[in-house]
Amino acid sequence: MKIIFNDSVIDNKIVEPDYESEFNSAKENGFETEIFSFEEIEDGNINNALKFIKTCEKIELGIYRGWMMTPKIYEQFYNGLLKKNIQLINNPKEYKHCHYLPESYDKIINETPKSNWTKDISEKSILESSNEFGNKPIIVKDYVKSEKHNWNDACFIPNASDKNKVLEIVNRFLELRGDYLNEGIVFREFIELEFLTEHSKSKMPLTKEFRIVFLNKKVVQIFNYWDEGNYDSEKPDIDFFQNIAENIESNFFTMDVAKKKNGGWIIMELGDGQVAGLPDNANRNKYYNELNKNCVEHRV
């Protein structure tokens with residue numbers, strides 16, 4: 001089993017500093033590690049990007065840990081590694097399934113906020129999409145990310161029927177995302193969640209959320225999503241979310257869940273396990289130890 005990390009922009013022979021602790025923990029827990037150039041692969045130079053990765057004698061399983069990739073770039077990455085006899089744990093279809101919310105929405109539709117989306121970011125299309133929510137509060141994001149740390153300026157819309165506010169918030173969101181916009185606009189009904197605290201820097205409201213990591217449909221670990229606020233040692237109902245996980249078309253993914261203000265639980269979103277970040281509070285050594293235990297059950 002190999003864990004493949006992206007390199008440092010400054011030195012392509014060392015791991016990206018943000019992943020250094022994971023890189024060391026992976027090695028300490030029995031994984032082979034490899035490094036590739038994220039910049040080269042983004043530029044379409046797949047052979048250059050993977051030049052430091054040796055070809056295996058037979059097919060070996062791999063897990064990528066690094067920055068998010070578009071599904072198109074991930075497919076090039078996946079196929080490039082296959083030529084070196086390394087098969088990533090999620091194929092391109094499986095990667096896209098959890099990376100883009102619209103791809104997996106039907107799998108979690110009954111346990112997640114009502115959502116719609118459009119690739120047409122014209123004023124008409126934006127207003128038509130927001131109109132579906134009546135006068136309810138909504139949030140805006142793209143297929144992958146929001147601007148939640150710009151909560152009041154580029155994320156939260158108090159009333160979906162307020163056309164001026166909708167356009168103001170969406171335009172600011174588009175401005176901030178710029179070239180990093182993923183596919184289009186997603187609107188989601190705002191659900192009141194159990195409040196934790198305000199973020200110490202951005203002042204956005206932090207709520208009781210958790211990140212559950214699944215490998216081979218089994219829970220690897222559960223993390224408090226935020227490093228701030230008092231969680232009171234509470235954890236989500238794993239049996240409930242385990243049943244939903246059985247239908248997710250991915251071998252390695254995250255499920256972000258939250259406790260509602262009035263009780264009960266809700267799924268916020270899914271993510272591909274290879275590009276979903278670990279919270280700062282995560283014990284990297286424990287995580288890679290658990291990952292290694294679960295990996296032995298996955299066969300190429």
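**Figure 1. Strands β11 and β13 in the antiparallel sheet.** Strand β11 (residues 209-215) and strand β13 (residues 252-259) run antiparallel and are joined by 7 bridges. Strands and helices are DSSP runs numbered from the N terminus (E, at least two residues, for strands; H or I, at least four, for helices), and two strands count as paired if DSSP finds at least two bridges between them. The model is predicted: local features require pLDDT of at least 70, side-chain atom pairs count only at pLDDT 80 or more, and totals for chains, interfaces and linings use all residues. Residues are numbered from 1 along each chain as its sequence is written, and side-chain values use heavy atoms, with hydrogens and water left out. Within this pairing, Phe214 stands opposite Phe253 in β13.

Figure 2. The open sheet comprises 4 strands in the order β12-β11-β13-β14, with antiparallel pairing. Its edge strands, β12 (218-224) and β14 (265-272), each pair on one side only. On average, neighbouring strands of this sheet are turned by 25° against each other, direction ignored. Helix α11 (residues 284-295) packs on the sheet and touches β11, β12 and β13 (contact: heavy atoms within 4.5 Å). The direction of α11 makes about 165° with that of β12; axes are lines fitted to C-alpha atoms, for helices over the stretch in contact, and angles run from 0 to 180 degrees between N-to-C directions.

**Figure 3. The parallel sheet.** A further open sheet is formed by 4 strands in the order β2-β1-β3-β4, and the pairing is parallel. Strands β2 (32-36) and β4 (86-88) stand at the edges with a single partner strand each, so one side of each has no neighbour in the sheet. From one strand to the next, the twist averages 35°. Strand β3 (residues 60-65) pairs with β4 in the parallel sense over 3 bridges. Leu88 in β4 is the bridge partner of Gly62.

**Figure 4. The salt bridge between Glu189 and Lys136.** The closest N and O atoms of Glu189 and Lys136 are 3.7 Å apart in this salt bridge (a side-chain nitrogen of Lys or Arg within 4 Å of a carboxyl oxygen of Asp or Glu). Glu189 belongs to strand β8 (residues 185-189) and Lys136 to the loop between α7 (123-131) and β6 (138-141), so the pair ties together parts that are 53 residues apart in sequence. The whole structure contains 18 salt bridges.

**Figure 5. The largest cavity.** The largest cavity has a volume of about 30 Å³. On a 1 Å grid over the protein atoms alone, a cavity is a set of points where a 1.4 Å probe fits but cannot get out, and lining residues have an atom within 4 Å of a point. Grid points are joined across faces, edges and corners, and a volume is the space filled by probe spheres set on the points. Among the lining residues are Arg65, Arg211, Thr254 and Tyr287.

Key
1 Å grid on protein atoms, 1.4 Å probe; cavity = no way out; pocket = protein on both sides within 12 Å on 5 of 7 lines; lining within 4 Å.
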